[in-house]
Amino acid sequence: MANFPYISCNFNKGGELQFAPYVIKEFDGVKIAFVGITTPKTLTSSTPKYFQDENGNFIYGFFEDETGEGLYNAVQKAVDDARAEGASIVIAMAHLGNEAECSPYTYADVIANTTGINALLDGHSHDTYHVEMRNKARETVLRQGCGTKMEGIGYLKIAAKDGAMEAGVMMWNNDDFNATQLYQLDTDVTKAVAEATETLNVKLAEVVAKTDVELTINDPVAKTEEGKPIRIIRNAETNLGDLCADAYRYVSGADIAFVNGGGIRVSIKEGDITLNDILKVHPFGNALCVCEATGQQILDALEFGAKDVPGEFGGFLQVSGLTYEIHTSVPSSVKLDEKGLFAGVEGEYRVKNVMVGDEPLDLEKIYTLASHNYMLQGQGDGYTIFEDNVYTQESVMLDNQVLITYITEGLGGVVGAEYANPYGQGRIVAVD
């Protein structure tokens, strides 16, 4: 239904591109190419099964490999072809990011291994950093992160006379943003949208619970040099992570519950909790599932989740029903396949001293494990461990409703002192 083209120089089926790799626009006689680049991490940060046939074989891909060469070659071909068509300026419209877990597919990896790109407007890591770096030919390339959730729009200015470029991001208060204000539209459609939005906002503002403490995804003390919060939900325990995991275990009655840190999106301030607050925490609509899992599978999942600590990983596991240590001095020996999916552990485990309640984890024992279909059944974040297990509950309740149910029924409508410590209850301990 889009009236604009999708572009991606590396999304393919059996090597055949599914979209145009670039488009060329002409401005005042100057041809400018826009090259689309999609991170191969999409295979795991989205749902891997979406890219597979009914037998679980991958039929779509992003020219992914362990070295990154497949992606670099695809980008280089698109840039070279666009230049051959007469483009004098090439702008990469990328979804790559700067997170360590995305290596070798970060914007820095792509720029350093290609030539011919003048500027790269970037997404995926949600940052707004402006960077100037050298490409493979030692030429300067501008990179601009474009933020997230329409908090801003990345831009590139090109001087008409000398071709000098300036990249940045236009920011505004997201709470005050209204797309219709940009265009001053006044039609039957916009009126209908406004009425529907007003009705929706009333529903979203409904108070569903209360919290006596702030529930966070961020470090409550440490800040960036710019004074911005530092997210820790993807590499450490937080009180909101504990709450979300407890909700899955409460509703399901399972022995253990996992929630991926990347599925917990925003903090909740002290005070009333609205429906909108809950939906922002769990916006994806994943459904609660319960499977039977061996202790060895539980350990492998914890090891996979901790592979990047102290770096971030969307699959880092917030837990309920167990505690564990991450020995960060032990290098991760997790093995990934070429798609970035879990393929095993080849050496010493950095996850140690796993306790289920008061008992050490029994690698031979069968436990009931609660999480959601994205991770357990859809290989989300690369978890291939549980998809063939026996499932005792499937698609029981959406993730946001799981959280509401736990707070309203399990906690009597109020999140209290047991969740007061922003760093959680000591379930996950990093051992230096």
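The request concerns the surroundings of Asp-362: in which loop is Asp-362 found, and which residues does Asp-362 touch?

Analyst: This is a predicted model, in which local features need pLDDT of at least 70 and side-chain atom pairs count only at pLDDT 80 or more, whereas totals for chains, interfaces and linings use all residues. Residues are numbered from 1 along each chain as its sequence is written, and side-chain values use heavy atoms, with hydrogens and water left out.

Asp-362 is found in the loop that runs between β23 (359-360) and β24 (366-372), strands being DSSP runs of E with at least two residues, and helices runs of H or I with at least four, both numbered from the N terminus. With a relative accessible area of 37%, Asp-362 is partly exposed, a class that lies between buried (under 20%) and exposed (over 50%), computed with a 1.4 Å probe on protein chains only. Leaving aside residues up to four places away in sequence, Asp-362 touches Gly-295 and Tyr-367, where contact means heavy atoms within 4.5 Å. The C-alpha atom of Asp-362 is separated by 63 Å from that of Glu-85, which is 277 residues apart from Asp-362 along the chain.

As for the chain around this residue, it has 10 helices and 27 strands, and its C-alpha trace spans about 70 × 55 × 45 Å along the principal axes. Of its 432 residues, 47% count as buried, and among contacts between residues at least 6 apart in sequence, 69% join residues at least 24 apart.
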